[in-house]
Amino acid sequence: MPNLADALSSDRFGTYLAWAGGAPDLAERLYTYNVRLSAALYGPLHMLEVTMRNRINVQLAQAFGPAWLNDPKVLATPYQASCVRQAEQTLRQGNKPVTASRIVAELNFGFWCSLFGRQSHHLWQVLRPIFLAKGIQRSPIAHELRETRVLRNRVAHYEPILGMALGQRYASITTLTGWLSPSAAAWIAGYSDWPRVYPGVPILIPDSTARTFQVAPAVISFLP
């Protein structure tokens, strides 16, 4: 009968098996823990993304008008324009009205992050007020959003996240959300399971002899 490794594929399960030092039972616990942590991140990532895109949309609509999504002075990169076209096409294929609010909801996280990139520096003075914090600059915001996007995509595609700086990433998610909306940050604080499931220390530590990672002993008790 096929076992869990067969169901997941040897390549996927092999990552966890290597971290577990070849022990299948520990590898399965690590895989389960990766799923559990990913699930705990879903709500905070959801709140950050939805809050950010809505704050951006309101701000740019006030500055450039409700048709800002089709204004080349606003969206200065081919990537941004292609994201809008793809969102419109997706709505048409789904027989849905192509309205500004639906396009906003359809656009991916990468699009919203790109608005803080170097090629969109011309938007920074318009977007700066959406962050309720003093002294912040575009470049650090763009960096944190890029790192958050990597984590978000790994969670969305069921990839391993145990080797990432998860404590730092979660702090960034909650900080950015708090700058955008204290109410949204309060929602995360009230409903997030993250503090309960995350051990507060790195889950994997470097194994210099094998040039890979191994499970930190302090984490074992947190594994399912």
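**Reading pockets, cysteines and one buried asparagine**

Guide: Start with the largest pocket. Helix 4 (78-93), helix 6 (109-114) and helix 8 (138-156) each supply at least two residues of its lining. Keep in mind that this is a predicted model.

Visitor: Which helix gives the most to the lining of the largest pocket?

Guide: Helix 8, with 6 residues.

Visitor: How much space lies in the largest pocket?

Guide: About 320 Å³. The lining has 16 residues, and Cys113, Ser114, Gly117, Arg118 and Arg146 are the closest to the centre of the pocket.

Visitor: How many residues of each class are in that lining?

Guide: Sort the lining residues by class. The largest pocket has 8 polar, 4 nonpolar and 4 charged lining residues.

Visitor: Now the second largest pocket. Which residues line it?

Guide: Its lining consists of Tyr42, Leu45, His46, Glu49, Val50, Arg53, Arg152, Val155 and Ala156. The space in this pocket is about 270 Å³.

Visitor: Which helices each supply at least two residues there?

Guide: Helix 3 and helix 8 do. Helix 3 gives the most, with 6 residues. By class, the second largest pocket has 5 nonpolar, 1 polar and 3 charged lining residues.

Visitor: Next, cysteines. What is a disulfide?

Guide: A disulfide is a covalent bond between the sulfur atoms of two cysteines. In a model, look for a sulfur pair within 2.5 Å.

Visitor: How many disulfides does the structure hold?

Guide: It holds 0.

Visitor: Is cysteine 83 buried or exposed?

Guide: Check relative accessible area. Under 20% counts as buried. Cysteine 83 has 9% relative accessibility, so it is buried. Cysteine 113 also has a relative accessible area of 9% and is buried. Recall that Cys113 is one of the lining residues closest to the centre of the largest pocket.

Visitor: Which backbone nitrogen lies 2.7 Å from a polar atom of its side chain?

Guide: That of isoleucine 161. For a polar contact, the N or O atoms must be within 3.5 Å.

Visitor: What else does asparagine 34 touch, not counting residues up to four places away in sequence?

Guide: With those neighbours set aside, asparagine 34 touches Tyr16, Glu159, Pro160, Ile161 and Leu162.

Visitor: Step back to the whole chain. How many helices and strands does it have?

Guide: The chain has 11 helices and 2 strands. Read from the N terminus, the elements run α-α-α-α-α-α-α-α-α-α-α-β-β.

Visitor: What box do the C-alpha atoms fill?

Guide: Roughly 60 × 45 × 35 Å, taken along the principal axes.

Visitor: What share of the 224 residues is buried?

Guide: Buried residues make up 42%.

Visitor: And the contacts between residues at least 6 apart in sequence: what share joins residues at least 24 apart?

Guide: Among those contacts, the share is 62%.

Methods
Residues numbered from 1 in each chain as written. Predicted model: local features only at pLDDT ≥ 70, side-chain atom pairs only at ≥ 80, totals over all residues. Heavy atoms only, no water. Buried < 20%, exposed > 50% of the residue type's maximum accessible area, 1.4 Å probe, protein only. Polar contact = N/O pair within 3.5 Å; in protein donor to acceptor, adjacent residues only side chain to side chain. Contact = heavy atoms within 4.5 Å. 1 Å grid on protein atoms, 1.4 Å probe; cavity = no way out; pocket = protein on both sides within 12 Å on 5 of 7 lines; lining within 4 Å. Points joined across faces, edges and corners; volume = space filled by probe spheres on them. Helix = DSSP H or I, 4+ residues; strand = E, 2+ residues; numbered from the N terminus. Nonpolar A, V, L, I, M, F, W, Y, C, P; charged D, E, K, R; others polar.
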